[in-house]
Amino acid sequence: KIMATAQSSLGEQIGEEVAHKETRSTAGPRKRQARKRRAGNPQKSVSGLSCQYCSRTFKARIGLASHLRTHDLPPPHGRAELADKRTSATSAPNPSTSASSDGAVNSSISDGAESETGHQHKEQEEHQAQRVTFGGSGQEAGQFSDPIGVTVSEEGEIFVVDSQNHRIQVFTQHGTFVRQFPTVFESEKEIEPTGVAMDGEGNLWVVGALIEYIGIDYYRPGRAVQYTKQGRVLRSFGLESTSWNRGVAVDARRNHIFVTDTRERSFSADEITRSSVLVYRPDGTRVRSVGENQGMKYAWYITVDGEGNILVSDVSNHSVYVYTEDGQFLFQFGGEGRGEGQLWFPRGICTNRE
């Protein structure tokens, strides 16, 4: 009986070891296949938790809670609340066109009014504004998934950054869908766009992060791509890796491209992130950097006024920083709060023609 029991136990142990080895031998291929499926469908998020301030995704709340310290925020209380905060905070860098929480775009137009160029808007005091809402959540033409940037041409066409669908969509001022084009560049490489601006020749500059990149998923190299209004690629140049969204603006007088840049410094220091504005020529040559000494934490949206002054909205500092066209700091305004003159996670920014 003792020998029979021992043999039975030994048989069970061998069976468990064989089953364990079989499980380990098949686990690797299953994981590799899962990674291939995720890589083949980059639009789907692998996580239910996303940061509402920089779009990074996390598999566990503890990771998101740790990351939110970079924005000086408390840990999240739940997925639904986090999603509501993200969508309600998202806006477009344009006073007359903005994104809503349901994936729609709100556009204020007026009869007989002049159109906008880039992030600039002519005041229309003599006209009664009319609000038009178009879009909605989805992947079909005319629908959006995270619309986070917008610009308007001289002809009045509205160009919307449809970030998670990896495309630019074009509409009339009445919200009628006109066309779309994917945010691709050389050799059909693709970017996830986060900003758009119109240059002096009527072409678009789009910035974003590379989609197919082997490395840390949220820490990807960037790209600035110039398109015609029909979506044909004219040129592009590379941007350094970062896990934060970028914005873009164009100084038409000097033909300079302004790109916001945020990167992590030190998790032990008070200033976990540091932002600046990188100035480029259209061929990708860097001219200078702006705003490195003012303590900007998360500069995303940016615009240039009629005199060439640079205005940057800092999401984490709840402020707007203003610089001369040569990068000299002038002043900042705002500050955290909901009172008059205060700002609460400011996003979009633009100036009028004056």
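Select strand 15 together with strand 16 (residues 273–280): the two pair in the antiparallel sense over 8 bridges. Strands here are DSSP runs of E with at least two residues, helices are H or I runs of at least four, and both are numbered from the N terminus; two strands pair if DSSP finds at least two bridges between them. The model is predicted, so local features need pLDDT of at least 70 and side-chain atom pairs count only at pLDDT 80 or more, while totals for chains, interfaces and linings use all residues. Residues are numbered from 1 along each chain as its sequence is written, and side-chain values use heavy atoms, with hydrogens and water left out.

Within this pairing, pick R263, which stands opposite R274 in strand 16. Next, colour strand 15 (residues 256–264) by accessibility: 8 of its 9 residues are buried, so the strand is largely enclosed by the rest of the structure. Buried means under 20% relative accessible area, exposed over 50%, and partly exposed in between, with a 1.4 Å probe and protein chains only.

A249 is found opposite F258 in strand 15. The hairpin of these two strands has 4 residues between them, and N255 there takes a positive phi near 60°.

Turn next to the aromatic rings. Rings of Phe, Tyr and Trp (its six-membered ring) pair if their centres lie within 6.5 Å; planes under 30 degrees apart count as stacked, over 60 as edge-to-face and the rest as tilted. Select F181 and Y227, a tilted pair at 5.3 Å centre to centre with 45° between the planes. This pair links distant parts of the chain, 46 residues apart: F181 lies in strand 9 (residues 177–182) and Y227 in strand 12 (residues 220–227). F181 is buried at 5% relative accessible area, and Y227 is buried at 0%.

Proceed to W205 and F237, whose ring centres are 5.8 Å apart and whose planes meet at 50°, so this pair is tilted. W205 belongs to strand 11 (residues 204–210) and F237 to strand 13 (residues 233–242), 32 residues apart.

Then select F134, F144, F171 and F177, which ring pairs link into a cluster.

Finish at W344: the charged end of R338 sits over its ring, 4.4 Å from the centre. This label requires NZ of Lys or CZ of Arg within 6 Å of the ring centre and within 35 degrees of the ring normal.
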